[in-house]
Amino acid sequence: MHKAVVIGAGIAGIAVAIRLAVKGYQVEVFEANSYPGGKLSTFEQDGFRFDAGPSLFTMPHLVDDLFKLADRDPADYFRYRPLTNVCNYFFPDGIEIHGKGNPKDFAAEVKTKLGVPEKVILDYFNRSEMKYRKTKGVFLERSLHKFGTYLKKDTIIGIFNLYRLGLFHSLAQENEKRLKHPKLVQLFNRYATYNGSNPYSTPGIMSMIPHLEHGVGAAFPVGGMHAITESLVKLSKDLGVRYRLSQRVERIVVERGRAKGVQIKGNLAEADLVVSNVDIYAVYRKLMPEQKAPERILMHERSSSALIYYWGIDPFGANGASAADTQGPFSKLDLHNIFFSSNYEREFREIFEEGTVGDDPTVYINITSKYEPQDAPGGMQNWFVMVNVPSNQGQDWEHLRRHTRQCVINKISSMLRVELESHIVTENYLDPVRIEERTGSYQGALYGASSNDRMAAFFRHANFSRRIRDLYFCGGSVHPGGGIPLCLLSAKIVSDLVGPSAGSMAAGS
């Protein structure tokens, strides 16, 4: 039996392990942490359960596909339910918009709150879907670094439609042209943050992302986001995949131009092929520093990072409501919530040009206990509070974390008319330094390279090595990008490159 070694048990590493096991490989996954999942992990504190990383679940069919590929019923492992309300949006002047999942319902909400004709929104969603359908086969589902990709019919169609896709102007310009209303423009500019980019720089093609929420649909995994990790790990183990946790790979062993295996504690774990789910920067700098590195790719501008505050909230704290009100002062909040800044352009200038966090950041709050009360002690709530920040370039994160915390508390207190500090009963945090330490993401960037130019997709590393046979790459720092859906697609691309069955290696590596 042919053997495959996977470095890193992030979501892409787990997914590629499943795909290779289905192909007949004996798969071992080596993970430096004591737990699988990478960013998609969980922790408990004082009776509160928190998802540590990603909190939005779109394109659930990509998870289902892995169970179906293994001839298993997804419902035996994993369940989720569609969200009728994707996100609640709060603006500084008091306007609140409920982001309904159904495009028609969302358009009706926007007309009621902002007076924007429903046709404006529906036309925008139609263009979003068109961009997604014309580009998914080109940018998302195949390797951009194989000549054969450009001979495919859908690739040719995509190339001939470049002028319609928004590659030559920014997302902000696209939204200003199509939507016009400043609040609506700000709301749709936020989708640039889904890959850690700047809406005033990233190309207008990124306006395809809203289709994933309002067309394909957003969902809530039963058990929280970490249930994705747990279910896929269980599936992989059922297929014979073996996990070596707390086993840090020291280097990728290359002999005569071929990946022979990996070294752990000085010992060689041999393999017929190696797949790395490690940040591509660390692969070249730490795991095979003797190999020629693609410097242009490695030095490309990093995506944004995050400051995350994990707060256990007692709605009935010192200044809370009566026990008759089951939600207390936070009844307006849903699973996903956005509190916008008053000057979005300035906020992104501070992140990407000044390398700092301003006094008025946009704040995202995720509360899974709204859907699963057991995630918090009786009547309480588990808040995952996130602010977009620059990657770690040596800033004083202790100061920025404390200062931003107070800015967030002041902002939420003002907009919800509550003294938030008095409701926090336990807390923890994650900053770019901790993100880099725990996940290996260079500079703590959440999505590897940013997408702040129209050629960004081509600046991502390929899913295979051009110089080293039998060496492949998956995860958020390589093609097609970061976030759960793209990481799962990177695993599929690797599997397709490897070939139809064990022992069939991709040519031209």
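Let's start with two helices. H7 (residues 171-178) and H8 (residues 182-189) pack at an angle of about 145 degrees, their axes 9 Å apart. Axes here are lines fitted to C-alpha atoms over the stretch in contact, with angles from 0 to 180 degrees between N-to-C directions. Helices (H or I, at least four residues) and strands (E, at least two) are DSSP runs, numbered from the N terminus.

On H7, the contact (heavy atoms within 4.5 Å) uses Leu171, Ala172, Asn175 and Glu176. H8 brings Val185, Phe188 and Asn189.

A word on the source. This is a predicted model, where local features need pLDDT of at least 70, side-chain atom pairs count only at pLDDT 80 or more, and totals for chains, interfaces and linings use all residues. Residues are numbered from 1 along each chain as its sequence is written, and side-chain values use heavy atoms, with hydrogens and water left out.

Next, the hairpin. Strands E7 and E8 form it, with five residues between them. Gly94, in the turn, has a positive phi of about 100 degrees. E7 (residues 85-90) pairs with E8 in the antiparallel sense over five bridges; pairing takes at least two DSSP bridges. Phe90 has Glu96 of E8 as its bridge partner.

Which side chains of E8 are buried? Ile97 and Gly99, which point to one face. Buried means under 20% relative accessible area, with a 1.4 Å probe and protein chains only.

Last, Ala218, in strand E9 (residues 218-221). Ala218 counts as buried because its relative accessibility is 5%. Leaving out residues up to four places away in sequence, Ala218 touches residues including Leu56, Phe57, Pro82 and Val86.

Definitions and conventions. Buried means under 20% relative accessible area, exposed over 50%, partly exposed in between (1.4 Å probe, protein chains only).
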